[in-house]
Amino acid sequence: MERFTSGTTVLDREEATELLRRKDVGRIVIALGGDAEIFPVNYVLGEGCNILFRTGPGSKLASAVVAHEVTFEVDEVGGDQAWSVIVRGPARVRTDSSALSVTDALSLRPFIDDGKYEVVEVLAERVSARGFGRTWS
């Protein structure tokens, strides 16, 4: 952990992993052709800092798979502190027969049961995290 005088703390990967475990909703950012699309998704933390989410057929799924890299962000703001974790890496559709079983076991369910059965995994090639505020430690 590296502390800056501005009140910003750079967090290590272990701390980032713990923060990712605390939440279940984040944002997936997909940039294609110079335009960025941001989608809120409910997620679970997979192996390492890999992010797993479900989606249905359509632009989010197609864009995530076509993009060379996607960005996932989750944060929290409260009281005198805040934090943000960013995960970057390629996304892949989990096509193995155990994909739904894995996400069911990890309690990953879509907000609305409307056919979102495709499981997408963001491979955490790069993870960065920051803590902000006077009381961050």
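**Before starting.** I am working with a predicted model, where local features need pLDDT of at least 70, side-chain atom pairs count only at pLDDT 80 or more, and totals for chains, interfaces and linings use all residues. I number residues from 1 along each chain as its sequence is written, and side-chain values use heavy atoms, with hydrogens and water left out.

**Entry 1: the core.** I looked up the largest nonpolar core, which has 26 residues. The term means a set of buried Ala, Val, Leu, Ile, Met, Phe, Trp, Tyr and Cys residues joined through side-chain atoms within 4.5 Å. Buried is under 20% relative accessible area, exposed is over 50%, and partly exposed is in between (1.4 Å probe, protein chains only). Leu 20, Ile 28, Ile 51, Phe 72, Val 85, Val 87 and Val 122 touch the most other members. Elements that each supply at least two core residues include helix 1 (13-22), strand 3 (25-32) and strand 6 (70-78). Strand 4 gives the largest share, 4 residues. For these elements I use DSSP runs numbered from the N terminus: helices are H or I, at least four residues, and strands are E, at least two.

**Entry 2: the aromatic rings.** How many aromatic pairs does a search of the whole structure find? I found 1. The ring centres of Tyr 43 and Phe 72 are 4.8 Å apart and their planes are at 70 degrees, so the pair is edge-to-face. For reference, rings of Phe, Tyr and Trp (its six-membered ring) pair if their centres lie within 6.5 Å; planes under 30 degrees apart are stacked, over 60 edge-to-face, and the rest tilted. Because Tyr 43 sits in strand 4 and Phe 72 in strand 6, the pair ties together parts 29 residues apart in sequence. Tyr 43 and Phe 72 are both buried.

**Entry 3: the salt bridges.** My search of the whole structure gave 6 salt bridges, each a side-chain nitrogen of Lys or Arg within 4 Å of a carboxyl oxygen of Asp or Glu.

- Glu 18 and Arg 21 meet at 3.4 Å, N to O; they are 3 residues apart in helix 1, about one helical turn.
- Arg 27 and Asp 75 meet at 2.8 Å, N to O. Arg 27 is in strand 3 and Asp 75 in strand 6, so the pair ties together parts 48 residues apart in sequence.
- Arg 27, Glu 73 and Asp 75 are linked in a network of salt bridges.

Is Arg 21 buried or exposed? I noted it as exposed, with a relative accessible area of 53%, while Glu 18 is partly exposed at 44%.
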